[in-house]
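Work through these exercises with the structure open beside you. Try each task before you read its solution.

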Amino acid sequence: MDSDVFCVLCGGPFALEQHIYNINPDRSQFQWLYQVQLLGTVSALRNLRMTSANESHTNLCENEETFLSETIGWKIGDADFFQLGLAIYQVLTEDEAGDAIFPLHQACIEIACRVIDVHAMEENEALDSACSALYRMLQDHLHAEPHVTGTKHDILGLKSTCDSTARSVLAIDNLGWWSGSYEKYFTDPLHILHLTPTIFSMLQSLPQNCTCPSVIPISTSRFQGLQGLPSELLERITDLLPPHLIMSLRQSSRTLAQKIPLDDRFWRRRLCDGSLLRYVWDIDERQVKQLLRNTTGGRGGGWSNLVRNLQLEVAYITDQHSGGSEDFIVGLWNRRRIWRIIEDAYTQPHWLKYRVPIHPKIENQNTILVFNYGKISAIGCFIVAMVLAAAWDSRAQES
Ligand SMILES: [Zn+2]
C-alpha cells in the first residue's frame, strides 16, 4: 500500500485496488473500508477547505467545537483530498492552530467511541462526548509523534509489530510479508456475520460444565457485613459490578467465594452483556436462549469453556484465511486488533493528563449516588452494598 492516506486507527486504506493482494475488492466483507467519515474541528474545516464556496455540512458530533461528517467515499488518486458535498478538504495536515481533519473508517470510529465510553465508565471520568475525546486523543498523538521519514501520518505506531504480529497492514508492507496474511486486516470488524448462531454452535460443541448447585447454602448468622448478607441479596449487588471486581470480591474471603459462584449464569450473562470480553458486545442473549429451547437435548452448560475457546480462537487465527465461514472469527480478530490499538493510544501517559476524573455528587439525603451520564460506578455499588450490609446487621441484632 503506497499511499500515505490511510485510517490512522486501523492502518487500512479507504479503497482497494483491483488485482492487488490477490483479493476480490467487491466482497461484502471488505466494503466497510469504503465507508469514511471526516473527524476534525469546526475551525479546521474552515481553514483546510481547498475550495472557495462556503458550504455548511451536517455535524454528527454533539460537541459544538468538534466536527464529524456524514459518511463519504474516496477514490484512489484523490491523494489527501476528500470531497464533502461540493467542497474539497485537505486531511492529515495541521492548520495554524494545530488542528487537523482525520479521515477514518466509520467502523473504526464506532469501535473507538466504545473503547472511550468503556474506559470513562470504568474509571469514573467526565466525558462530554466520546467523539470529541477521540479527536482530542488523535490531535495529541499527532503533536506528540516525531515526524520521521517513512512514518508520515502513522501517529499510533501501526507500522510496528506486537507479539510477533503486524499491528496493521502497513507493517506487512514494511516487512515485505506477502503470504496472504493481509486479508484478515481487511475483514469487516463491525458487522460480524452470524455472530449469535455461531456462538450457539460453539457452545453446543464444547464439554458441559459440572452441574453443581449455583449457590451453596451457608449459614449467615455468624457473619457480619457483606459476608452476612443472604446470597440472593449478594447476587443482586454483584449483578451491578464489573467481572474484575467480582473476582476481587471472591478472593477477599472464602465465604464470599462460596456465596458468589462463577456458574454458567455468570459466564453467559457477562459474555452477552459485553462486560467480560469488551470487544464482543453484540451477542443476542435472547436469541441464544431461544436456540437452546428449540434444540432437542440442547447443550447449554459450557459457557466458561466457550469464553476460553473464543479468546483462544480469536487470538490465534492462522495467517492463511480463505474466507467463507471463517469470517466470523477473522472479523472478531480484526475488531480486537483495532480495539487494542485504540486502547493503547487512549491509555498512553502523555494523553492521560487530559482525562478528567469526576466526583460523585449526593443528590439528596437518602444518599442516592448519581454519576455523570447516569452510569452506576463500581464504587457506588460498593457503597450501596455496605449500606445494605449495615442495615442487615442492625436488623439481625434487633431480632
Ligand atoms: Zn480504520
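A residue is buried if 20 or more other C-beta atoms lie within 10 Å of its own, exposed if 12 or fewer, and partly exposed in between. Keep these cut-offs at hand. The model is predicted.

**Exercise 1. The strand S5**

Task: Find which residues of S5 point one way and which point the other way, and say whether they are buried or exposed.

Solution. 
- Step 1. Recall the general rule: in a regular strand the side chains alternate between the two faces of the sheet.
- Step 2. Apply the rule to S5. Phe102 and Leu104 point one way. Pro103 and His105 point the other way.
- Step 3. Check burial. All of these residues are buried.
- Step 4. Buried residues make up 32% of its 399 residues.

**Exercise 2. The sheet around S1**

Task: Work out the order of the strands in the open sheet, and say whether the pairing is parallel or antiparallel.

Solution. 
- Step 1. Start from the general point that strands of a sheet pair through backbone hydrogen bonds, either parallel or antiparallel.
- Step 2. Take strand S1 (residues 36-41) and count its bridges to S2. There are 3, and the two strands run antiparallel.
- Step 3. Now count from S1 to S5. There are 4 bridges, again with antiparallel strands.
- Step 4. Leu39 stands opposite Leu68 in S2. In S5 the bridge partner of Leu39 is Phe102.
- Step 5. Write the order: the 3 strands of this open sheet run S2-S1-S5, with antiparallel pairing.
- Step 6. Look at the edges. Strand S2 (66-68) and strand S5 (102-105) each have a single partner strand, so one side of each is left without a neighbour in the sheet.
- Step 7. Neighbouring strands are turned by 25° against each other on average, direction ignored.

Solution. 
- Step 1. H2 packs on the sheet and touches S1 and S5. The direction of H2 makes about 90° with that of S5.
- Step 2. Helix H3 (residues 130-144) also packs on the sheet, touching S1, S2 and S5. The direction of H3 makes about 105° with that of S2.

**Exercise 3. Two partners of helix H2**

Task: Decide how H2 lies against H3, and then how H2 lies against H12.

Solution. 
- Step 1. Read the H2 and H3 geometry. Their axes come within 9 Å and cross at roughly 100°.
- Step 2. Classify this angle. Angles of 65 to 115 degrees count as roughly perpendicular. H2 and H3 are therefore roughly perpendicular to each other.
- Step 3. List the contact. H2 gives Ile109, Ala112, Cys113, Ile116 and Asp117, while H3 gives Ala130, Cys131, Ala133 and Leu134.
- Step 4. Sort these residues by class: 8 are nonpolar, none is polar and 1 is charged.
- Step 5. Turn to helix H2 (residues 106-122) and helix H12 (residues 327-346). They pack at an angle of about 50°, with axes 9 Å apart.
- Step 6. Classify again. H2 and H12 are therefore oblique to each other. Their crossing is right-handed.
- Step 7. List this contact. From H2 come Cys108, Ile111, Ala112, Val115, Ile116 and His119. From H12 come Arg335, Ile338, Trp339, Ile342, Glu343 and Tyr346.

**Exercise 4. A hairpin and its loop**

Task: How many residues lie between S3 and S4 in their hairpin? Is Leu86 buried or exposed?

Solution. 
- Step 1. Pair the strands. Strand S3 (residues 81-84) and strand S4 (residues 87-90) run antiparallel and are joined by 4 bridges.
- Step 2. Find a bridge pair: Leu84 has Ala87 in S4 as its partner.
- Step 3. Go to the turn. The hairpin has 2 residues between its strands, and Gly85 there has a positive phi of about 65°.
- Step 4. Leu86 has 8 other C-beta atoms within 10 Å, so Leu86 is exposed.
- Step 5. Leu86 is in contact with Ala53 and Glu55.

How values were computed. Residues numbered from 1 in each chain as written. Predicted model: local features only at pLDDT ≥ 70, side-chain atom pairs only at ≥ 80, totals over all residues. Axes fitted to C-alpha atoms, helices over the stretch in contact; angles between N-to-C directions. Parallel < 35°, antiparallel > 145°, perpendicular 65-115°, else oblique. Left-handed = near helix turned anticlockwise from the far one by under 90°. Contact = placed C-beta atoms within 7 Å. Pairing = 2+ DSSP bridges. Nonpolar A, V, L, I, M, F, W, Y, C, P; charged D, E, K, R; others polar. Lists of a residue's contacts leave out its neighbours within four places in sequence.
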